[in-house]
Amino acid sequence: MCMLRWGNSVALLAVGAGAAAAPVHNANATRLQEHGVETAWLYGNINHYAYYFADIMVGSPKPQRTSVIVDTGSRLVGFPCKGCDHCGSHLDPQFDVSLSTSATWLNCSRNHCSKGCQNGYCSYEETYSEGSTISGRWFDDKVRLGDSFEDNKPVYANLGCHTNENKLFYTQRANGIMGLAPSYEGSDGRPTFLQDLFRDKRHVDAQIFSICLADWGGRLTVGGYDTAYHREADMHAPGHCSKRRPCTGDGVQWIDMTASHYYFIFPQGMSLAGQPVASGPRDFGVTVVDSGTTFTYLPLPIFQSIVAHLTHYCADHNGCGANQEPVAGSGLQGPGAHCWRLINPAEGPIHFPPITFQFARGVSVDWDSRGYLHQRGQPGVWCQTFMQNSLFQTVLGISWMIHRDIIFDIKHGQLGVASANCPEHHKNADSEGHNVPLSAKLLQDGWNDLNGSSSGRASEALGVTIAFAGAAGFAIAFWLLPRQFQEGGKEGSSSCPPSPTRSA
């Protein structure tokens, strides 16, 4: 049996690891607030940024704004501080701890430094799957969500002050990262960052939140979700819905979820245009939903099966209205990496078939072509946003989440998925509040982010793996699967994939 090391412990489950436009107040905001829901704008784009981000306001008496990537695949909330030894140029100035009267450094003599201690202060170092590393010191300070519909009261939270960044963290436009992953058994049991932010608001249940991603920007909702964006909604009771306050015909499909360090779900099969490409939960390995990873990663057999079935389907259906293009410059690498030039670019990739995920209780979730393909470079050129994973696991990244309202219901152990017309928001704005074109430099930054590796951006969740060692290895994996899934399937490989790096 293979055991993998994480920090100083050995475990069977390895982990890798300008001014904003003023939001226009939505008439729904008051209604949502009455139902115990609060919302905030998201910014970003899968193509030009390779991630989505929010603003947080940190410190007092004058809060300082900092932009942070929304990442359901990690827990660290951190950003560069003034005096950083090696930090890049980002959207917002580096946070100046000296200007905040509410900031307190976590020192080793008074605090339990679970991640390490350096020069008397609690420290951290995080290495993410595509090779980016951040390190720094912990501090406590007041923080609240920025660009939210409500004037949220700031609360104290544990934050990271970066003193070193490299690779994508150095070149990215957003300042830092906001990890929203849950705690796990055997950990310190800390709440998620959102639960920290809203612990003083008893009417807001931060154990349920939703992320709705559009082509540009989107919306983060805490305490529930807003059906106004759902495409299939038959609104008998428009507004906020949750398991406690269900709506009829709200367009949400509910999937079993285990929230333990990551958000695990359990697909049972996959098909393309009715033809199976995967059958049984074991074909997927461990599956996580991760908003910090740009693309979607699939075990090699599933990846190859999708590519083969898509090729055959298009060959039988007038090329799916497109001609295959070379992948050079697309950020994609390796066999099976495809791009297509649409014959009619104005239509979009409407002639490509959906990919369908099957889950327990007969639930099916379609992944349409505007998710598994994305326009890159020249207009009309669409490239696939799913990749082969060198590890036996499935990571459903931004490309799987986009154009959906993804609802993380931690309390009830379920993930909601609804096709949605998510609201768009742009970060860059002129003095009159109009969107302005991104500069050539910003466009190049986005391409650098995507071309830095074949994977685009990848959070630590991309490094999640279960070490399979025959029947014993499957026994390890089965503790993650609901009991009804623990039947049938194929034997796994006896080899151990290389463990990702995450050090403290």
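**Salt bridges, disulfides and cores**

Biologist: How many salt bridges does the structure hold?

Modeller: The structure holds five salt bridges, a salt bridge being a side-chain nitrogen of Lys or Arg within 4 Å of a carboxyl oxygen of Asp or Glu. Before we go into them, note that this is a predicted model, in which local features need pLDDT of at least 70 and side-chain atom pairs count only at pLDDT 80 or more, while totals for chains, interfaces and linings use all residues. Residues are numbered from 1 along each chain as its sequence is written, and side-chain values use heavy atoms, with hydrogens and water left out.

Biologist: Which side chain meets arginine 65 in a salt bridge, and where do the two lie?

Modeller: The partner of arginine 65 is aspartate 92, at 3.1 Å from N to O. Arginine 65 belongs to strand E6 (residues 64-71), whereas aspartate 92 is in the loop between strand E7 (77-80) and strand E8 (104-105), so that the pair links distant parts of the chain, 27 residues apart. Helices (H or I, at least four residues) and strands (E, at least two) are DSSP runs, numbered from the N terminus.

Biologist: Are arginine 65 and aspartate 92 buried or exposed?

Modeller: The scale is relative accessible area, where buried means under 20%, exposed over 50%, and partly exposed in between (1.4 Å probe, protein chains only). Arginine 65 has 28% relative accessibility and therefore counts as partly exposed, while aspartate 92, at 5%, counts as buried.

Biologist: Where do the partners lie in the salt bridge of aspartate 96 and lysine 82?

Modeller: The side chains of aspartate 96 and lysine 82 meet at 3.6 Å, N to O. Both aspartate 96 and lysine 82 lie in the loop between E7 and E8, so the pair ties together parts that are 14 residues apart in sequence. Aspartate 96 counts as buried at 11% relative accessibility, but lysine 82 is exposed, with a relative accessible area of 60%.

Biologist: Which strands are tied together by arginine 341 and glutamate 325?

Modeller: Arginine 341 and glutamate 325 form a salt bridge whose closest N and O atoms are 3.1 Å apart. Since arginine 341 lies in strand E25 (residues 339-342) and glutamate 325 in strand E24 (residues 322-325), the pair ties together parts that are 16 residues apart in sequence. Arginine 341, at 28%, is partly exposed, and glutamate 325, at 23% relative accessibility, also counts as partly exposed.

Biologist: Let us turn to the cysteines. How many disulfides are there?

Modeller: A disulfide is read from a pair of cysteine sulfur atoms within 2.5 Å, and by this rule the count comes to six disulfides. One of them joins cysteine 212 and cysteine 422, with the sulfur atoms 2.0 Å apart, and with -85° about the S-S bond this link is left-handed. Cysteine 212 lies in strand E14 (residues 208-213) and cysteine 422 in the loop between strand E33 (414-419) and helix H7 (440-451), so the pair ties together parts that are 210 residues apart in sequence. Cysteine 212 is buried at 2% relative accessibility, and cysteine 422 is buried at 10%.

Biologist: What is the handedness of the disulfide between cysteine 339 and cysteine 383?

Modeller: The sulfur atoms of cysteine 339 and cysteine 383 are 2.0 Å apart, and the torsion about their S-S bond is about 105°, so the disulfide is right-handed. Cysteine 339 lies in strand E25 and cysteine 383 in strand E29 (residues 381-384), so the pair ties together parts that are 44 residues apart in sequence. Cysteine 339 is buried at 1%, as is cysteine 383 at 2%.

Biologist: How many residues does the largest nonpolar core have?

Modeller: In soluble globular proteins, nonpolar side chains tend to be buried together. A nonpolar core is a set of buried Ala, Val, Leu, Ile, Met, Phe, Trp, Tyr and Cys residues joined through side-chain atoms within 4.5 Å. The largest one here has 76 residues, and those with the most contacts inside it are Met178, Met270, Phe352, Trp400 and Phe408. Helix H4 (residues 300-316) gives the most to this core, with six residues. Apart from it lies another core, of 19 residues, among them Leu76, Cys122, Tyr128 and Trp138.
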